[in-house]
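The sequence and the structure come first, and the notes follow by topic.

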Amino acid sequence: VPSMGDSITEGTVVEWSAEVGAAVAMDDVVVIIETDKVTVEVRAPAAGELTEQLAEIDAVVEVGQALFKLDTSKAGAAPQAAAPAAPAAAPAPAAPA
C-alpha cells in the first residue's frame, strides 16, 4: 500500500480492477483502497501477469503491505511480490554552474 498521508496508516480494499491471471500493463490500476479521507488507485509497478491477490475486498491493509504478486517474466520464472511503490521523491536541485 503506498503512503496516503502523514496521519493515514491503513485503508480498506474496496475493488480489484484486475483478476488473477489477467495481464496488466505498467501503471494499470490493479486495486482500489479507501480511507475516510482519501481513495487511492494502486497501480502495477511493471507489466506482467497478476498471479495472486494478497487481500480480499473489505480487508483492512496497512501502508507498506504487499497487495498482490505480479509475474513480470515471460520465461516463466518464479513470480515476484509486487508491493506498490511509494510516490517518487522529488529530484535534488541542480548545483549552480
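In this predicted model, Glu15 stands opposite Ile32 of strand E3. Trp16 has Val31 of E3 opposite it. These residues belong with the pairing of E1 (residues 10–16) and E3, which is antiparallel and runs over four bridges.

**The sheet**

- An open sheet is formed by four strands, in the order E4-E3-E1-E6, and the pairing is antiparallel.
- E4 and E6 (60–62) are the edge strands, and each of them pairs on one side only.
- On average, and with direction ignored, neighbouring strands of this sheet are turned by 40 degrees against each other.
- E1 is also joined to E6, by three bridges, and these two strands run antiparallel.
- Thr12 has Val60 as its bridge partner in E6.

**The chain as a whole**

- The chain contains eight strands and zero helices.
- Its pattern along the sequence is accordingly written β-β-β-β-β-β-β-β.
- The chain has 97 residues, and 28% of them count as buried.
- Where contacts join residues at least 6 apart in sequence, 48% of those contacts are between residues at least 24 apart.

**The nonpolar core**

- The largest nonpolar core consists of 16 residues, and Leu67 and Phe68 are those with the most contacts inside it.
- Two or more residues of this core come from each of E1, E3, E4 and E7 (68–71).
- E3 gives the largest share of this core, with three residues.

**Val13 in E1**

- Val13 is placed in strand E1.
- Is Val13 buried or exposed? Val13 counts as buried because its relative accessibility is 0%, under the 20% limit.
- With neighbours within four places in sequence left aside, the contacts of Val13 include Val31, Ile32 and Ile33.
- The list of contacts of Val13 also includes Ala55, Glu56, Ile57, Asp58, Ala59 and Val61.
- The C-alpha atoms of Val13 and Ala59 are 5.6 Å apart, while the two residues are 46 residues apart in sequence.

- Thr35 is located in the loop between E3 (29–34) and E4 (39–43).
- A polar atom of the Thr35 side chain lies 2.9 Å from the backbone nitrogen of Lys37.
- Asp71 is part of strand E7.
- Asp71 is buried because its relative accessible area is 16%, which is under 20%.
- The side chains of Asp71 and Ser73 are joined by a polar contact of 2.9 Å.

- Asp27 is not a glycine, although its phi is positive at about 75 degrees.
- The loop that holds Asp27 lies between E2 (23–24) and E3.
- Asp58 sits in the loop between E5 (48–53) and E6.
- The relative accessible area of Asp58 is 60%, so Asp58 is exposed, the limit for that class being over 50%.
- Asp58 is also one of the residues in contact with Val13, and Val13 itself is buried.

Definitions and conventions:
Residues numbered from 1 in each chain as written. Predicted model: local features only at pLDDT ≥ 70, side-chain atom pairs only at ≥ 80, totals over all residues. Heavy atoms only, no water. Polar contact = N/O pair within 3.5 Å; in protein donor to acceptor, adjacent residues only side chain to side chain. Buried < 20%, exposed > 50% of the residue type's maximum accessible area, 1.4 Å probe, protein only. Contact = heavy atoms within 4.5 Å. Pairing = 2+ DSSP bridges. Axes fitted to C-alpha atoms, helices over the stretch in contact; angles between N-to-C directions. Core = buried A, V, L, I, M, F, W, Y, C linked by side-chain atoms within 4.5 Å.
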